[in-house]
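I opened the model and kept notes as I went. Each entry records one thing I looked up.

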Amino acid sequence: MAQLRIGDTAPNFDAQTTEGNINFYDWQGDNWVVLFSHPADFTPVCTTELGRTASLGDEFKKRHVKPIALSVDSVEAHKAWAGDISETQGCEVNFPIIADADKKVSEAYDMIHPNASTTHTVRSVFIIDPQHKLRLTFTYPAAVGRNFNEILRVIDALQLSDNYGIATPVEWQDGDDVIIPPSVKNEEIAAKFPKGHKEIKPYLRTTPQPNK
């Protein structure tokens, strides 16, 4: 299958998980989703990542985001691994882990990169909006742990952009000024962005974050 690109519809699927059988779209409901894959269970980097995901449960919830993990190992292995994660990372796994032994989900989402491994998934992250559209992807090599602060940051930026029609500048953090897109004419700014704005260049205009 061709590589999924930003703006594509995320494929639906049925799968076994540690929380029972799911249909992905039904499970997602009207939430955002962070779907992330792991090469195998009982791997050290991924153990820390699943623990971090669990510890961020409240942060995901307040953003209406549901995390879900995937590995090609079995549900039984996932459940045993969850015990190790709880023991070593200090928090219970509070999201489903997909068992993708037949690799149907991995192949639909292009998670198998043959030059890395012909049998295991690479460590991908897919951020999917409530309309099932793929909004952002990351792919990490096996030796590098993911940055979940960055995952939360880009979710904040995507939701802010959707809600207020803005863009975010380099290294934007929640509370920083945002960018008024060039498609907004100067005469429209006061109505759209009543907090005022600063014109640095005709094409580079900033305004305080609208929801702060």
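**Entry 1: strand 7.** I began with strand 7, residues 134-140. Five of its seven residues are buried, so the rest of the structure largely encloses this strand. I note here that the model is predicted.

**Entry 2: strand 6 and its burial.** Next I turned to strand 6, which covers residues 123-128. How many of the six residues of strand 6 are buried? I found six of six, so strand 6 too is largely enclosed by the rest of the structure. I then sorted its side chains by direction. Arg123, Val125 and Ile127 point one way, while Ser124, Phe126 and Ile128 point the other way. Both sets are buried. I marked Arg123 in particular, as a buried arginine in this strand.

**Entry 3: partners of strand 6.** I listed the pairings. Strand 6 pairs with strand 7 in the antiparallel sense, over six bridges. Within that pairing, valine 125 faces phenylalanine 138 of strand 7. The bridge partner of arginine 123 in strand 7 is tyrosine 140. Strand 6 is also joined to strand 3, residues 32-37. That pairing is antiparallel and has four bridges. There I found leucine 35 opposite phenylalanine 126 of strand 6.

**Entry 4: the hairpin.** Strand 6 and strand 7 form a hairpin with five residues between the strands. Which residue of this hairpin takes a positive phi? I found histidine 132, with phi near 70 degrees.

Entry 5: Three strands make an open sheet in the order 8-10-9, with antiparallel pairing. Its edges are strand 8 (178-180) and strand 9 (198-201), each of which pairs on one side only. On average, neighbouring strands of this sheet are turned by 40 degrees against each other, direction ignored. I checked one pairing in detail. Strand 9 and strand 10, residues 204-207, run antiparallel and are joined by three bridges. Lysine 198 sits opposite threonine 206 of strand 10.

**Entry 6: cysteines.** I looked for disulfides and counted zero. Cysteine 46 is in none, and the nearest cysteine sulfur, that of cysteine 91, lies 15 Å away. The cut-off for a disulfide is a pair of sulfur atoms within 2.5 Å. Cysteine 91 is likewise in no disulfide, with the sulfur of cysteine 46 as its nearest at 15 Å. Are these cysteines buried or exposed? Cysteine 46 has 2% relative accessibility, so I count it as buried. Cysteine 91 is buried as well, at 15% relative accessible area. The cut-off for buried is under 20%.

**Entry 7: helix 2.** I listed its buried residues as Cys46, Thr47, Glu49, Leu50, Gly51, Thr53 and Ala54.

**Entry 8: the largest pocket.** I then looked up pockets. The largest has a volume of about 330 Å³. Of the 16 residues lining it, Arg63, Asp156, Gln159, Asn163 and Asn211 are the closest to its centre. Which elements give two or more residues to this lining? They are helix 3 (57-62) and helix 6 (148-164). Helix 6 gives the largest share, six residues.

**Entry 9: asparagine 31.** Asparagine 31 and arginine 63 are 32 residues apart along the chain, yet their C-alpha atoms are separated by 8.7 Å. Where is asparagine 31 found? I placed it in the loop between helix 1 (24-28) and strand 3. Its relative accessible area is 18%, so asparagine 31 is buried.

**Entry 10: the whole protein.** The protein has seven helices and 10 strands. Its C-alpha trace spans about 60 × 40 × 35 Å along the principal axes. Of its 212 residues, 48% count as buried.

Conventions:
Residues are numbered from 1 along each chain as its sequence is written. This is a predicted model: local features need pLDDT of at least 70, side-chain atom pairs count only at pLDDT 80 or more; totals for chains, interfaces and linings use all residues. Side-chain values use heavy atoms; hydrogens and water are left out. Two strands pair if DSSP finds at least two bridges between them. Axes are lines fitted to C-alpha atoms, for helices over the stretch in contact, and angles run from 0 to 180 degrees between N-to-C directions. Buried means under 20% relative accessible area, exposed over 50%, partly exposed in between (1.4 Å probe, protein chains only). On a 1 Å grid over the protein atoms alone, a cavity is a set of points where a 1.4 Å probe fits but cannot get out, and a pocket is an open set with protein on both sides within 12 Å along at least five of seven lines; lining residues have an atom within 4 Å of a point. Grid points are joined across faces, edges and corners, and a volume is the space filled by probe spheres set on the points.
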